[in-house]
Amino acid sequence: MKEECKKYFEKISEYLDDELDDEICHEIEAHLKKCRECRECLDSLKKTIQLCKEAGKETIPSDIRERLRSNLRELLKRKLK
Amino acid sequence: MNRTTNENSDHHLIAEFKAGSMEAMEKIVERYENQVFTFGLKMCGHVQDAEDIAQETFLNAFRYLARFREETKLRNWLFKIAARACIRKRRKKKCEPDKEISLESFVHKNGNHAKYEIPDWSDDPSDNVLRAELKQVIDAAVLSLPTKYRLVFNLRDIEGFNTEETAEILGISVQSVKTRLHRARLFLREKISNHYVEGKVQ
């Protein structure tokens with residue numbers, strides 16, 4: 001990886017999260033225009049984040065939800081007595 | 001319900017709790033049980049551990065809620081307690097110390113960039129089997145992250161807390177959140193891509 005690419009590689013997540021100053025954002029965008037490899041690197045990271053977000057959607061199973069509620073109800077009642 | 005409405009009604013529930021309402025406690029559990037349980041599941045990978053974490057989180061929360069001054073949102077405060085419960089659980093299991101993920105390990109020194117193949121997440125119901133398999137690969141990759149990186153990744157990218165909130169929940173600096181998140185994402189990209197390239201997910 002070239003030194004210039006490496007410098008921006010460290011900042012990609014902050015760039016994707018919109019956490020960088022305008023100045024460095026413009027620098028990165030100028031670099032991306034001329035560097036296909038960095039564009040691919042950015043795209044694959046963006047895709048990874050999106051994929052993990054989609055796969056990360058979960059729901060508590062109803063039997064566990066009921067057990068948790070009933071255990072908590074019992075334990076809390078005892079504590080309050 | 002949007003976040004502001006939620007925060008307003010959280011405020012009412014806390015006030016009712018402080019006035020001794022058992023119903024307010026139940027409403028708080030109903031509102032946050034799913035988020036706290038799934039966070040525990042993503043941190044530990046076991047349903048039983050996630051259930052223990054959820055129970056411990058709510059018990060601790062109600063123990064201290066009377067003294068809670070709402071300097072932070074109720075949701076953030078609950079995740080702070082849940083994150084501590086996850087860390088305690090890990091200590092009890094006497095796991096090895098956290099490994100560091102170095103940025104250098106992702107930088108290829110031969111002048112080339114690595115190629116990554118990341119599959120798409122299909123919303124087509126006919127792709128259920130494929131999705132389930134892909135989800136397994138992703139869940140395993142997340143679980144293989146060292147704990148301190150997994151905590152940041154789950155809070156930021158899965159639970160949607162911002163950088164400052166994550167720093168506050170974990171009691172670390174904003175810069176540490178940014179560094180750990182970037183490395184966690186790079187680590188996950190490599191794991192998922194390797195699996196995909198090896199043909200385990202077609």
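**Notebook: chain B, its side towards chain A, and α6(B)**

I looked up the two chains and found that 38 residues of chain B are in contact with 33 residues of chain A (contact: C-beta atoms, placed from the backbone, within 7 Å). The model is predicted, and local features need pLDDT of at least 70, side-chain atom pairs count only at pLDDT 80 or more, and totals for chains, interfaces and linings use all residues. Residues are numbered from 1 along each chain as its sequence is written, and chains are lettered from A in the order in which they are written.

I then noted that α2(B) contributes the most to the side of chain B that touches chain A, with 8 residues. Helices are DSSP runs (H or I, at least four residues), numbered from the N terminus.

Next I examined α6 (147-158) of chain B. I found 9 of its 12 residues buried, so α6(B) is largely enclosed by the rest of the structure (buried: 20 or more other C-beta atoms within 10 Å of the residue's own, all placed from the backbone). Among the buried residues are Tyr149(B), Leu151(B) and Phe153(B). I recorded that their cover includes α4 (36-55) of chain A. Just after α6(B), Gly160(B) has a positive phi of about 80°.

Finally I asked how α6(B) and α8(B) cross. Their axes (lines fitted to C-alpha atoms over the stretch in contact, with angles from 0 to 180 degrees between N-to-C directions) come within 8 Å and cross at roughly 95°. The two helices are therefore roughly perpendicular (65 to 115 degrees). I saw that residues of α6(B), including Val152(B) and Arg156(B), meet residues of α8(B), including Leu181(B) and Phe187(B).

Key: Parallel < 35°, antiparallel > 145°, perpendicular 65-115°, else oblique.
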